[in-house]
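Please keep the structure in view while reading the points below.

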Amino acid sequence: MPDAATVESLHEEACRDAGGEHHVGVTLKEVLRLHKEAEAERSRRGDKELAIEVDALTERLRTAESEQAALQQEVAELRSAVGELKASRAGLQARLAAQRSASPLPVPRRKGDRQRMRKDVAAVHNLAIQAGKLEADGREGAALTLLRRSTEVLNPLETGAVLLALRQQQHDKLADNLIHVYGRDQGDQDVLHVALTLHEQGSLEDAGAILQAALE
C-alpha cells in the first residue's frame, strides 16, 4: 500500500487532469482519511494473524511437553523393571548355586519337573504381567522394549519361562514378537536352549518358531 505522501501526489495529479478537485469527486482530506483507515485495518489483520500463529505454536509446545513427560515416565518404569529383573535373577542364581552345592550329583530335569521350574522362575512371571499391562494400556512399544531389554539379563531358561507366561496370560502378540527378536538377535546356543525349554514344557509350536526365526 502506498504511503500518505504518494496518495496526496496522486490526488493532486488527478485534480490537474480533471480541471479541479470538484471534478474529481473526492477531497484530499477524504482521501487521506480513507488511507489512514486502510492502514489501521492492515495493522489489525497483521496482529490477528500473529496472534493465531502464536496460539498454534503455544499449543504445539504444550503437546511436545506432554509427550516428553510421558516418555520420561516410560523410561523410569522400564529402568525400574530392569532393576527388578536383575535383582530377581541374582536371587534365582543364588538359589540355584545353593542347590548345586547341596547336591553333588546333577539330576537331569524330567517332564514332571514343570512345577519346580515354575516355582524357580516365579519372579520372571512378574515381567510377563508388567509387559501385558503396558500392552493393555496402549503402550505396546514400551512393552516390546521391556521384553527386548529383558534378554540382556535373563538366561535361556528364564526367557523360555517368560514366553510360557505370555502364552498363559494370552499375550500372544508379545510372545510372537519376543520369539522373533530373540531368534534373530541371540546366539545359536541360547536359541537352542530356549527351544529345548519350550519343547520340554509342551510348547512345540513356539520351539519350532524360535528355531525358524534364527534361520531367517
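When the angle between two helix axes, taken between their N-to-C directions, is over 145 degrees, the pair counts as roughly antiparallel. The axes of α9 and α10 cross at roughly 165°, and α9 and α10 are therefore roughly antiparallel to each other. The model discussed here is a predicted one, and every value below is computed from it.

**The chain as a whole**

- The chain holds 10 helices and zero strands, so that, by the DSSP runs used to assign these elements, its order along the sequence reads α-α-α-α-α-α-α-α-α-α.
- Of the 216 residues in the chain, 28% are buried.
- The chain exposes about 14,200 Å², and 53% of that area is supplied by carbon and sulfur atoms.
- Taking the contacts between residues at least 6 apart in sequence, 67% of them join residues that are at least 24 apart.

**Helix α9 against helix α10**

- Two packed helices are described by the angle between their axes and by the distance between those axes.
- For α9 and α10, the axes come within 7 Å, and the crossing in which α9 passes α10 is left-handed.
- On the α9 side the contact involves Val191, Leu192, Val194, Ala195, Leu198 and His199, which meet Leu204, Asp206, Ala207, Ile210, Leu211 and Ala214 of α10.
- Sorted by class, the residues of this contact between α9 and α10 comprise 10 nonpolar, one polar and one charged.

**Helix α7 against helix α9**

- Helix α7 (residues 156-168) and helix α9 (residues 188-200) have axes that come within 8 Å and cross at roughly 50°.
- The crossing of α7 and α9 is right-handed, whereas that of α9 with α10 is left-handed.
- From α7, the residues that make the contact are Pro156, Leu157, Thr159, Gly160, Leu163 and Leu164, and from α9 they are Asp190, His193, Val194, Thr197 and Leu198.
- By class, the contact of α7 with α9 has six nonpolar, four polar and one charged residues.
- Val194 and Leu198 of α9 are listed in the contact with α7 and are also listed in the contact with α10.

**Individual residues**

- Asp206 lies in helix α10 (residues 204-215), and with a relative accessible area of 8% it is buried, because the cut-off for that class is under 20%.
- Beyond the neighbours within four places in sequence, Asp206 is in contact with Arg167, Ile179 and Leu198, and Leu198 is among the α9 residues that meet α10.
- Leu192, found in helix α9, counts as partly exposed at 45% relative accessibility, although Leu192 is also listed among the residues of α9 that meet α10.
- Leu192 and Leu211 are 19 residues apart in sequence, and their C-alpha atoms are 7.3 Å apart in space.
- Arg184 has its place in helix α8 (residues 172-185) and, at 48% relative accessibility, counts as partly exposed.
- The C-alpha atoms of Arg184 and Gln212 are 9.3 Å apart in space, while the two residues are 28 apart in sequence.

How values were computed
Residues are numbered from 1 along each chain as its sequence is written. This is a predicted model: local features need pLDDT of at least 70, side-chain atom pairs count only at pLDDT 80 or more; totals for chains, interfaces and linings use all residues. Side-chain values use heavy atoms; hydrogens and water are left out. Helices (H or I, at least four residues) and strands (E, at least two) are DSSP runs, numbered from the N terminus. Buried means under 20% relative accessible area, exposed over 50%, partly exposed in between (1.4 Å probe, protein chains only). Contact means heavy atoms within 4.5 Å. Accessible areas come from the Shrake-Rupley method with a 1.4 Å probe; for residues, only the protein chains shown count as cover. Axes are lines fitted to C-alpha atoms, for helices over the stretch in contact, and angles run from 0 to 180 degrees between N-to-C directions. A crossing is left-handed if the near helix is turned anticlockwise from the far one by less than a right angle, and right-handed if clockwise. Ala, Val, Leu, Ile, Met, Phe, Trp, Tyr, Cys and Pro count as nonpolar, Asp, Glu, Lys and Arg as charged, and the others, Gly among them, as polar. Angles under 35 degrees count as roughly parallel, over 145 as roughly antiparallel, 65 to 115 as roughly perpendicular and the rest as oblique.
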